[in-house]
Amino acid sequence: MNPATKADGILLTETSFAVAQPITAAQKTRSLQRNGISKKKQEPDMDTDKVTCHKENRYEQNDNEQKRPPYHRCGSSGDALDTSLSETSSSSDSDEECSLPEMLLDEVDALESPPKDKGILLHRKEESDLEITKEEKASKKEFDVSAYMSVREMTPLQERINAITVIPNAFYCLYFLLAGKWLDTEVIERAREAFSSVDVTSFPWIQNMMEFHPATITPPLAVLAVAIGFILHTPFSFMYHWMCAHHLPPGVARIEHWSGRLDKSFIHVMSTCMSYATSGSWKYFLVCALLNADCIYRQFLPEVRPRQNLIRIAVTLTASIMPILWQGNALLFGKIYAVLTLMTWLFAKYPFGGWSHTAFHGAIMLLPPLLMTAACNLSSSRAQIQIAAMCVVLQEKM
């Protein structure tokens, strides 16, 4: 073989070996970079400073390469080897430069491709949105309660007047019972006409009945129910307003105090008594008692909801007067319903500031006379009133 040909073969072998080494190094670099991407997939929160440093090092290498003198092809074997090495290094550099965009594209594809990761991210986002919504609702609810109580802040003088203005209802009921105002004057006059020609001494059993059965001249049970409801509510309402005037600080503490809860609870007790006073039915009384018992239970829950409690009070009071409408006495029902509407407006809107509660108690004073009239108009009450009127006339003749 010619020595020149042999030298050329050795030169090509060395050149191919030199070219193969940078290509293998580039492949190793690319595989290491892809391994780094897989680690980034597992650890998405890794700091991106390494990528920045890699870019800066690449820019420095490009500057150094631009400063190198260019290689010129020569006929010698050393020049050819240098030229091949320069070409190999430039190709490896270009491969490594292209590898960085490929890394970013692969990372984006990896984040977009797996549906499980998508589902997890969406689930976490929904949970975070739900937590934010709950926090907003809780803060809104707290704001509503604080705003509700801020409008209802009253001076000690106003609270004392509120406590005093609940007393007249109980006194009116006692006066109505003890003074015999439940006895209809017309019924008594008819009894007098009926017994005008009767000798009472010839009927000794009537005298015995009045002596040993005093229930015959007692008020009807429906009338007693009205009085019991207002009399039971009065001390608890007085106590609550008196404590607000002297002991309880303004704000949410008043509405959460046990005296305030008892005040509203006995409004439901009064509503239960009113249901029997207007219907005279034990079944209707039982239904309203169950409804009011649930309302009383909710009054003592740890979280106080004033608006819901106000709605429940309005519903139970309206239910207690519905029998008046069913009996056909629309005029009396309209009067009572107008008073309840006025009470609800005063208590919900507080149009007169701190004096609105006093006006609210003033509106309540209109209820006992109307409810006593409704109780006396019941058929069961009319029978009891007639018996009591006859007893009154017989006592006058004896």
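Residues are numbered from 1 along each chain as its sequence is written, and side-chain values use heavy atoms, with hydrogens and water left out. Since the model is predicted, local features need pLDDT of at least 70 and side-chain atom pairs count only at pLDDT 80 or more, while totals for chains, interfaces and linings use all residues.

The chain holds 17 helices and zero strands, where helices (H or I, at least four residues) and strands (E, at least two) are DSSP runs numbered from the N terminus. Of its 398 residues, 35% are buried, a word that stands for under 20% relative accessible area, with exposed meaning over 50% and partly exposed lying in between (1.4 Å probe, protein chains only). Among contacts (heavy atoms within 4.5 Å) between residues at least 6 apart in sequence, 78% join residues at least 24 apart.

Two helix pairs show how the elements are set against one another. Helix 13 and helix 14 pack at an angle of about 170°, with their axes 9 Å apart; the axes are lines fitted to C-alpha atoms, for helices over the stretch in contact, and the angles run from 0 to 180 degrees between N-to-C directions. The two helices are therefore roughly antiparallel to each other, given that angles over 145 degrees count as roughly antiparallel, under 35 as roughly parallel, 65 to 115 as roughly perpendicular and the rest as oblique. Among the residues that make this contact are Leu310, Leu317 and Ile321 of helix 13 and Phe333, Ile336 and Phe347 of helix 14. By class, the residues of the contact of helix 13 with helix 14 are 14 nonpolar, one polar and no charged, where Ala, Val, Leu, Ile, Met, Phe, Trp, Tyr, Cys and Pro count as nonpolar, Asp, Glu, Lys and Arg as charged, and the others, Gly among them, as polar.

In the other pair, the axes of helix 5 and helix 15 come within 9 Å and cross at roughly 10°, which makes helix 5 roughly parallel to helix 15. Here Gln158, Ile161 and Asn162 in helix 5 meet His357, Thr358 and His361 in helix 15, and the contact has one nonpolar, five polar and no charged residues.

On a 1 Å grid over the protein atoms alone, a pocket is an open set of points with protein on both sides within 12 Å along at least five of seven lines, a cavity is a set of points where a 1.4 Å probe fits but cannot get out, and lining residues have an atom within 4 Å of a point. Grid points are joined across faces, edges and corners, and a volume is the space filled by probe spheres set on the points. Of the 39 residues that line the largest pocket, the closest to its centre are Ile267, Leu310, Phe347, His357 and Phe360. Helix 14 gives the most to this lining, with six residues, and the lining as a whole divides into 23 nonpolar, ten polar and six charged residues.

The structure also holds three cavities of 30 Å³ or more, and the second largest cavity has a volume of about 40 Å³. Its lining consists of Ile255, Gly260, Arg261, Lys264, Gln299, Val304 and Asn309, with helix 11 giving the most, at three residues. Leaving aside neighbours within four places in sequence, Gln299 is in contact with Arg261, Lys264, Ser265, His268 and Asn309.

Two further buried residues complete the picture. Glu159, found in helix 5 (residues 156-164), has a relative accessible area of 2% and is buried; not counting residues up to four places away in sequence, Glu159 touches Met154, His241, Cys244, Ala245 and Arg254. Trp182 has its place in the loop between helix 6 (167-178) and helix 7 (185-194) and, at 5% relative accessibility, counts as buried. The C-alpha atoms of Trp182 and Pro219 are separated by 6.9 Å, although the two are 37 residues apart along the chain. Beyond its neighbours within four places in sequence, Trp182 is in contact with residues including Phe176, Pro219, Val223 and Cys376. Cys376 belongs to the buried residues of helix 16, a helix (residues 367-376) that is mostly covered, with eight of its ten residues buried.
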